[in-house]
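Work through the exercises below with the sequence and the coordinates at hand. Each task is followed by a solution in steps.

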Amino acid sequence: MEFQVQGVGISRIAEEFGTPLFVYDAQVLRTVYQSVRDRLHPAVDVFFSLKANPNISVCGYLGSLGAGAEISSLVELKTVRAAGIDPADTIFLGPGKTRAELEACVAAGLHAVVCESLDEVAEVDAVAAAAGRDEVGVLLRVNPDFHTKGSGLAMGGKPRQFGIDADLVRRARGFLDGLRRVRVLGFHMYLGTRFLGAEDLVHNTREILALAERLATELAVPLRTVDFGGGFGVAYFDNEKDLDLAAAVAGINEVVEPFVAAHPECRLINELGRYLTALCGTYVVRARYVKESMGERFVVADGGTNHHMAAVGIGSFVKRNFPIRSLTRYTAEPTDVYTVTGPLCTPNDVIGKKVALPPVHAGDLLGVERSGAYGPTASPGLFLSHGFPAEVLVLEGTAHLVRERDQAEELLAKQRLVQF
């Protein structure tokens with residue numbers, strides 16, 4: 001039996017939209033979002049981090065369920081506006097914002113600009129003054145002076161390009177008091193991603209909220225917003241276990257409850273990207289050739305790491321496979337071992353090495369599961385000029401094309417031939 005999405009056969013989707021492509025299951029998106037929202041303390045808002053999957057339909061669907069948005073570029077700002085997410089439920093962060101981006105944030109009336117340096121705070125103040133805007137909200141992104149563990153990718157607690165060192169924030173009261181148009185609403189702290197241990201997330205939340213309270217007191221800043229990050233992990237590899245969501249959220253709620261009692265006017269934000277979208281997505285490729293080389297069997301597919309660089313194991317010292325299944329023979333037992341590669345002229349174009357699969361034949365469909373996050377958005381889609389693949393969202397049993405496949409004419413249209 002072949003793989004189906006909400007009763008729609010994968011062969012039908014592949015025939016209609018071609019391969020390679022990403023298929024997103026809206027039902028899974030809803031289930032994952034609701035599993036977080038239903039458990040998490042009602043005082044905590046769930047924001048979707050667009051960097052995980054900036055597709056406008058994915059963003060819009062999560063927004064329709066109640067998610068806010070965390071964005072990091074002008075295009076992402078335009079995306080959330082077009083998707084219908086309220087600017088009051090949007091924050092903008094990133095270590096190198098341009099003047100144009102700051103002007104757009106001020107004009108849009110976002111809940112907050114997350115400032116990653118004191119110079120950037122001054123820049124926002126100047127932009128607000130030039131625009132004649134008062135009370136522009138900012139969050140100070142703090143690089144804390146405590147450490148955590150359990151993250152697949154640490155983003156704080158050590159020298160980083162992100163945020164303002166906590167010690168520098170403590171000494172910034174005079175500077176902050178001199179701002180004319182900016183209103184410091186509170187603090188943002190994000191320590192890392194892919195936490196699979198509930199105790200690590202609880203520890204981070206406890207430390208972040210405690211530090212936010214101390215900084216607010218030292219700076220005489222009323223706490224109106226604290227973004228305590230997210231980083232909920234997804235298990236991709238052998239010997240990994242999925243995050244115990246119930247335990248993680250129960251522990252977070254236990255930490256949040258006394259904070260909310262002490263600061264009833266403070267908005268709390270938990271930002272999730274990978275966790276909300278990873279499980280909904282499958283990267284679908286078609287086997288073009290099945291061959292043997294020096295005793296090892298290869299499946300050469302029509303898509304590879306140019307569309308799914310995360311599957312290479314970027315950031316890992318050891319190459320580990322994402323879960324890969326035969327979509328054509330979805331329920332068949334694996335009996336053979338193949339290395340699955342893409343069409344690129346590089347030995348690094350390996351989607352999965354020594355993958356156990358049922359017998360694979362040319363024309364079969366294979367799927368890299370848990371691929372709803374950091375697929376096209378984190379991949380070199382223009383390598384060898386293949387372009388980016390189609391993206392499809394299955395909603396209520398209907399497959400919708402939500403991103404057209406790049407065409408050669410479109411890729412060449414942006415280039416200019418010099419006359420020799």
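**Exercise 1. Count the aromatic pairs and describe the one formed by F237 and F322.**

Step 1. There are seven aromatic pairs in the structure; rings of Phe, Tyr and Trp (its six-membered ring) pair if their centres lie within 6.5 Å, and planes under 30 degrees apart count as stacked, over 60 as edge-to-face and the rest as tilted.

Step 2. For F237 and F322 the centres are 5.8 Å apart and the planes make an angle of 75 degrees, hence the label edge-to-face.

Step 3. This pair links distant parts of the chain, 85 residues apart: F237 is in the loop between β13 (225-230) and α10 (245-262), and F322 in the loop between β16 (296-301) and β17 (324-326). Helices (H or I, at least four residues) and strands (E, at least two) are DSSP runs, numbered from the N terminus.

Step 4. F237 has a relative accessible area of 9% and is buried; F322, at 5%, is buried too. Buried means under 20% relative accessible area, exposed over 50%, partly exposed in between (1.4 Å probe, protein chains only).

Step 5. Ring pairs also join F22, Y24 and Y283 into a cluster.

The model is predicted: local features need pLDDT of at least 70 and side-chain atom pairs count only at pLDDT 80 or more, while totals for chains, interfaces and linings use all residues. Residues are numbered from 1 along each chain as its sequence is written, and side-chain values use heavy atoms, with hydrogens and water left out.

**Exercise 2. Which backbone angles are given for P20, Y374 and L384, and where do these residues lie?**

Step 1. The peptide bond from T19 to P20 is cis, its omega being near -5 degrees. P20 belongs to the loop between α1 (10-17) and β3 (21-25).

Step 2. Y374, a residue other than glycine, has a positive phi near 55 degrees. Its place is the loop between β20 (365-368) and β21 (390-395).

Step 3. L384 is likewise not a glycine, and its phi is positive, near 60 degrees. L384 is found in the loop between β20 and β21 and counts as partly exposed, at 42% relative accessibility.

**Exercise 3. Describe the surroundings of P95.**

Step 1. Locate the residue: P95 sits in the loop between β6 (90-92) and α5 (99-108).

Step 2. List its contacts (heavy atoms within 4.5 Å). Neighbours within four places in sequence aside, P95 touches E116, Q161 and F162.

Step 3. Take a C-alpha distance: P95 and S117 are 22 residues apart along the chain, and their C-alpha atoms are separated by 7.9 Å.

**Exercise 4. Summarise the chain as a whole.**

Step 1. The secondary structure consists of twelve helices and 22 strands.

Step 2. Along its principal axes the C-alpha trace extends over about 70 × 60 × 40 Å.

Step 3. Of the 420 residues, 54% are buried. Among contacts between residues at least 6 apart in sequence, 71% join residues at least 24 apart.
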